[in-house]
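Subject: Structure handover

Hello,

Here is the structure for you to look over. My notes follow below it.

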Protein chains: 2
Amino acid sequence: MSFGDITTCSSFSFEVVANDGAARAGVMQTRNGEIQTPIFMPVGTLGTVKGITPDDLVDKVGAQIILGNTYHLYLRPGLEVVGLHGGLHQMMHWKRPILTDSGGYQVFSLKDLRKIREDGVEFQDHISGARHFFTPEKVIAIQETLGSDIMMVFDECPPADASENYMQESMARTTRWEKRCLMARKRDDCALFGILQGGTREHLRRQHADELAGLPFEGLAIGGLSVGEDIQAMYDTVELTTPLMPAAKPKYLMGVGKPDDLIECIARGVDMFDCVIPTRNARNGQCFTSEGTLVIRNAAYAQDLRPLDPCCSCYTCSNFTRAYLRHLYKAQEILSAQLCTIHNLHYFLDLVGQARAAIIAGRFEAFRRNYYAGQHSASGQTAT
Amino acid sequence: MSFGDITTCSSFSFEVVANDGAARAGVMQTRNGEIQTPIFMPVGTLGTVKGITPDDLVDKVGAQIILGNTYHLYLRPGLEVVGLHGGLHQMMHWKRPILTDSGGYQVFSLKDLRKIREDGVEFQDHISGARHFFTPEKVIAIQETLGSDIMMVFDECPPADASENYMQESMARTTRWEKRCLMARKRDDCALFGILQGGTREHLRRQHADELAGLPFEGLAIGGLSVGEDIQAMYDTVELTTPLMPAAKPKYLMGVGKPDDLIECIARGVDMFDCVIPTRNARNGQCFTSEGTLVIRNAAYAQDLRPLDPCCSCYTCSNFTRAYLRHLYKAQEILSAQLCTIHNLHYFLDLVGQARAAIIAGRFEAFRRNYYAGQHSASGQTAT
């Protein structure tokens, strides 16, 4: 198989502008604009980042790129509806870049409802139970219809406890699927990222990195983490994997994570992150702050007139007290989810922005120490 | 009893700037700014207008004044918490005027949980069942702690089917309570509105108007409507009542209503309205438009790329399709409530703004005809 004459993405580029240890700061160009890395991508599963309007995502949070879920959008509202709008950007009124996953992770999560074959995966969806068949070619076509700025290859994400034999079999199939994804591209304005599997085993990561070496992806992701392994195993795997990835391409750690994880994995060379944690936890009243995690329902905050985070300049922290936010949460007001979502996303985006500035200034280690000092200064709060 | 030397509100004024038939346009001044009438007040029961941030209320909706519920805020978060913030404005970060009801309506709704005495009402709240006692003096003190720009007197709102005898007894007690409210005022920067009861009977409305005549309220409300009477009885009662109210003071119709009701009651001389309909219905996916009511979950909108209302310039209509809004509603996304709330409130505020402009231009009747022509032009929509 030759990739010499396949479609690649003419609107995509990536440049590393600074290194500080393994940490790096970069600039990515996509057809819908620039992204400064390291970056966190809020998750917009069903064509909306839950609890926030697109203009607040820009104005109050500073989101530069969001993630859309291929599997969920394929089911609801369906490709026909998204296609009628001209794509996901137009449908959800989001003018900045969108990365879409391939749906692989969701399909493989449907344990008893899916069957893996060489050509693809047959599955029943979690809504109507209807039968579907995803192939590498189909998920690329779907993502091109969505109009993704960055598409992801169709891969299998095996569980953390998969056997050596299963991992070998799965990785080999994933490699074949990734090559088919490359061949299936039709649009030259949608970038395509490969995914590096191999679980937490060093020899498997090396082996898969070798298999993917030289394939003309615009970027590479670390898959197969944040699936149940312990946190140190994740950090160790990231540390051994990032040097195996091409230095000139963005390195994306899928589905990660908490603020500590961002700091630790930026330190280990990761450029991109996505996770539902800031939005999901916001809806449950769990807020991330420079002093640790704050659970807003706690009685301790009933008369606390301080903002969620005294060091935060977001809309929520500039205008509302913990006492008011606790009241909203207990009264189950929608505004509770709205304000905590704004704060948490702002916190994540601000954190990666600060990390980037520190990398460029060559003081990332001091920034990292300072971050942990703040997390443990918590006055009555629990560190993450 | 003399009211010659009681506290009145030095920061409040009202001026009628135009009359067109019985309809009027005015300007109200409060300590937190100006209100142009006729006006609709979004309801912020628990210190938040459900589903919208305070800055969107200003920037995307154009709300000039909102309503807070004394009963609900007294229970949650409680006066101590509101007081610690310095008042309701500060707690909820709302810089424009707030009108608070007296809690009378809610307390009297607790049919089996309340007991009326001459000095006040004893009741058990709907949350914890704890016992409370509201007197005219207490509800004024509560509203002054909330820091309301416009307070309402403590009154009884009898059901639509109350007997003549009961109405007489209730009205007389309400009059005594209203006078006690006037005497109980301590702040000179919180206006106080009286409430005119009398159900749908003309002689009772006349009698109560006589009883309240000359009392130094800054404005007067029509209470006891929208409590189960038919719609024509409500319009007729408003029509006979507004001429009984002082022309120089604002006339507020409590708890009303749908867009048709606003048009009909503006035509009959009402200056102020409040209702949960635009916000509550938005959360249920019912949207008000210039072409009638639109129920966004309907399958007819699954591939409809038009905005909710082709004549609307709101954030929702400028940026999102019916197909997308239907998807959000069906997927139970918070953004559905957010976007429909923005649209419905914008629609209500825009409607009263257009009515005001029409009154000033002396073409209110043409505006009213035009409004109904639009409502019946609905393409596949149900008129309200």
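Is Ser226(B) buried, exposed or partly exposed? Ser226(B) counts as partly exposed, because it has 18 C-beta neighbours inside 10 Å. The scale is simple: a residue is buried if 20 or more other C-beta atoms lie within 10 Å of its own, exposed if 12 or fewer, and partly exposed in between, with C-beta atoms placed from the backbone. Ser226(B) sits in the loop between strand 12 (219-222) and helix 8 (231-241) of chain B. Its phi is near 60°, a positive value in a residue other than glycine. Helices (H or I, at least four residues) and strands (E, at least two) are DSSP runs, numbered from the N terminus.

Some ground rules. This is a predicted model, in which local features need pLDDT of at least 70 and side-chain atom pairs count only at pLDDT 80 or more, while totals for chains, interfaces and linings use all residues. Residues are numbered from 1 along each chain as its sequence is written, and chains are lettered from A and ligands numbered from 1 in the order in which they are written.

Confidence

The mean pLDDT of chain A is 95 (pLDDT is the predictor's confidence in each residue, from 0 to 100). In chain A, 97% of the residues reach 70 or more. For the complex, the predictor gives an ipTM of 0.96 and a pTM of 0.97.

The two chains together

The same surface serves both copies: 100% of the contact residues of chain B recur in chain A.

The contact takes 30 residues from chain B and 30 residues from chain A. Two residues are in contact if their C-beta atoms, placed from the backbone, lie within 7 Å. On the chain B side, the elements that give two or more residues are helix 2 (70-85), helix 3 (88-92), helix 12 (322-330) and helix 13 (334-360). Helix 2 gives the most, with 5 residues. By class, the chain B side has 16 nonpolar, 11 polar and 3 charged residues. Here Ala, Val, Leu, Ile, Met, Phe, Trp, Tyr, Cys and Pro count as nonpolar, Asp, Glu, Lys and Arg as charged, and the others, Gly among them, as polar.

Inside

The largest nonpolar core has 225 residues. A nonpolar core is a set of buried Ala, Val, Leu, Ile, Met, Phe, Trp, Tyr and Cys residues joined through C-beta atoms within 7 Å. Leu192(B) and Phe193(B) are among the residues with the most contacts inside it. Beyond its neighbours within four places in sequence, Leu192(B) is in contact with residues including Cys9(B), Met151(B), Cys181(B) and Leu182(B).

Cys181(B) and Leu182(B) are also among the buried residues of helix 6 of chain B. That helix (residues 164-184) has 21 residues and reaches 30 Å from its first C-alpha to its last, close to the 30 Å expected at 1.5 Å a residue. The expected span is 1.5 Å times one less than the number of residues. Its buried residues pack against helix 5 (136-146), strand 11 (191-196) and helix 7 (202-212) of chain B.

Helix 9 (residues 259-267) of chain B is largely enclosed by the rest of the structure, because 8 of its 9 residues are buried. Just after helix 9, Gly269(B) takes a positive phi of about 100°.

Asp56(B) is in helix 1 (residues 54-59) of chain B. Asp56(B) is buried, with 22 other C-beta atoms within 10 Å. Not counting residues up to four places away in sequence, Asp56(B) touches Val61(B) and Ile342(B). Asp56(B) and Ile342(B) are 286 residues apart along the chain, yet their C-alpha atoms are separated by 7.8 Å.

Backbone details in chain A

A cis peptide bond joins Thr37(A) and Pro38(A), with omega about 0°. Pro38(A) is in the loop between strand 3 (33-37) and strand 4 (39-42). A cis peptide bond also joins Arg76(A) and Pro77(A), with omega about 0°. Pro77(A) is found in helix 2 (residues 70-85) of chain A.

Best wishes
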